[in-house]
Amino acid sequence: MAGLGPVPLAALMLSEMGAEVLRIERADAGRPFLSLPPEFDLDRHGRIILKANLKRPEGRALMLRLLGKADILIEGFRPGVMERLGLGPAEAAAANPGLVYGRMTGFGQDGPLAGRAGHDITYLALSGALHAIGPQDKPLPPLNLVADYGGGTMMLVSGVLAALVERGRTGKGQVVDAAMVEGAAMLSAPLHAYKAAGLWRDARGVNLLDGGAPFYDTYATADRRHVAVGCLEPQFFAEFARLLPLDERFVPGQYDRGLWQDMRAAIASRFLVKTRDDWTKIFADSDACVAPVLSLAEAKDHPHNRARRTFAKAGTLERPAPAPRFSRTPSAMAGPPGDSRELLAAALRRFGLTVEETEGLVSNGILVQ
């Protein structure tokens, strides 16, 4: 079911893994607030677009017929919207007891906040994860990659695929309730374990992985770019100290917090002596865990990313290639959807509709070209 952000990204990922995906757009839906040219509109790539009038009984009947043949339905509406359309889990299960019904919301299908609006930063805030991200003086939203796409898209994809595996054993479908607050909370599960063990303080910028440790942070270079340092283990830190170089007294005292302030100042002053690319060459063949902080444009041209084809072209758009990779059934980059009655009719034939039925639905305004 058409929407923005996490659910369409899940559909793109499933499409590139080999799924045949129909995107159902409501004929009465307004224009999205983020509207992209077709070659850049990843919300529509890799799928057939079916624009249907779901307010008419014939539109709902068509949807139930499609659900009768589908493996998975994914939707990202607020709770109750699909039910009001007559396409909720009960109606879908009646049409297809084996259907996996994937639902993604910010807060879940029930609870006091279930009907409320929100965005990535909202869900991060309520999961506790946002409190742990950023400098000491304020939380810092990490783009929308954590709750929307990590706690949302990835949890939805893994959930519906797990349910599909289970259906292969039992023949029964089920509802997958993916809430972004809960997904973001799940991603932070190790931090809760560290905190319980006394290894993590419930504050920003004072812990091992949040910039509190001087050997796990970013540093400015002479050309006002940055490098990322992540030499957590003693052997990696010793290599880092040798190549920087850093005063030998810091090596045995790596985890002595009393030395961290002086250690950070020493590291910062050394990195300001050379450019980012100079430091990249110095650390290139080492296990010191130092990397240049690349821009989005630069990342595409990094030798490793080029060798692995981490980025690829779909039409005119160069973007991250499908992930993960499969040995026997390789994924394929998805491109913009075709726009013709023939493509639509071919897709609907796989759901049991004849060409004549599709033409009739178009002529009667149930399907909109």
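**Close-up 1. Helix 1 and the glycine that follows it.** Gly18 comes after helix 1 and has a positive phi, near 125 degrees. The model shown here and in the other views is predicted. Helix 1 spans residues 6-16 and is mostly covered. Of its eleven residues, ten are buried. They begin with Pro6, Val7 and Pro8 and continue with Ala10, Ala11, Leu12, Met13, Leu14, Ser15 and Glu16.

**Close-up 2. The surroundings of helix 1.** Strands and helices pack against the buried residues of helix 1. The strands are strand 1 (22-26), strand 3 (72-75), strand 4 (100-105) and strand 10 (317-320). The helices are helix 6 (147-170) and helix 7 (180-187).

**Close-up 3. The two sides of helix 9.** Helix 9 runs over residues 234-243, and Phe237, Phe240 and Ala241 are buried in it. These residues lie on the same side of helix 9, because they cover an arc of only 95 degrees around the axis. Gln235 and Arg242 are exposed, on the face turned away from that buried side. The cover over the buried residues of helix 9 includes strand 7 (226-230) and strand 8 (290-292). It also includes helix 10 (260-271) and helix 11 (276-283).

Close-up 4. The aromatic pairs number twelve. One of them joins Phe240 and Phe283, which are stacked. Their centres are 5.8 Å apart, with 20 degrees between the planes. Phe240 belongs to helix 9 and Phe283 to helix 11, so the pair ties together parts 43 residues apart in sequence. Phe240 has 0% relative accessibility and therefore counts as buried. Phe283, at 2% relative accessibility, also counts as buried.

**Close-up 5. An edge-to-face pair, Phe271 and Trp279.** The ring centres of Phe271 and Trp279 lie 5.0 Å apart. Their planes stand at 75 degrees, so the pair is edge-to-face. Phe271 counts as buried, at 0% relative accessibility. Trp279 is buried too, with a relative accessible area of 0%.

**Close-up 6. The aromatic cluster.** Phe240, Phe283, Phe271 and Trp279 are among the members of one aromatic cluster.

**Close-up 7. A charge over a ring.** Arg26 places its charged end over the ring of Phe77. The distance from the ring centre is 6.0 Å.

Note on methods
Residues numbered from 1 in each chain as written. Predicted model: local features only at pLDDT ≥ 70, side-chain atom pairs only at ≥ 80, totals over all residues. Heavy atoms only, no water. Buried < 20%, exposed > 50% of the residue type's maximum accessible area, 1.4 Å probe, protein only. Helix = DSSP H or I, 4+ residues; strand = E, 2+ residues; numbered from the N terminus. Arc of directions from axis to C-beta. Contact = heavy atoms within 4.5 Å. Phe/Tyr/Trp six-rings, centres within 6.5 Å; stacked < 30°, edge-to-face > 60°. Lys NZ or Arg CZ within 6 Å of the ring centre and 35° of its normal.
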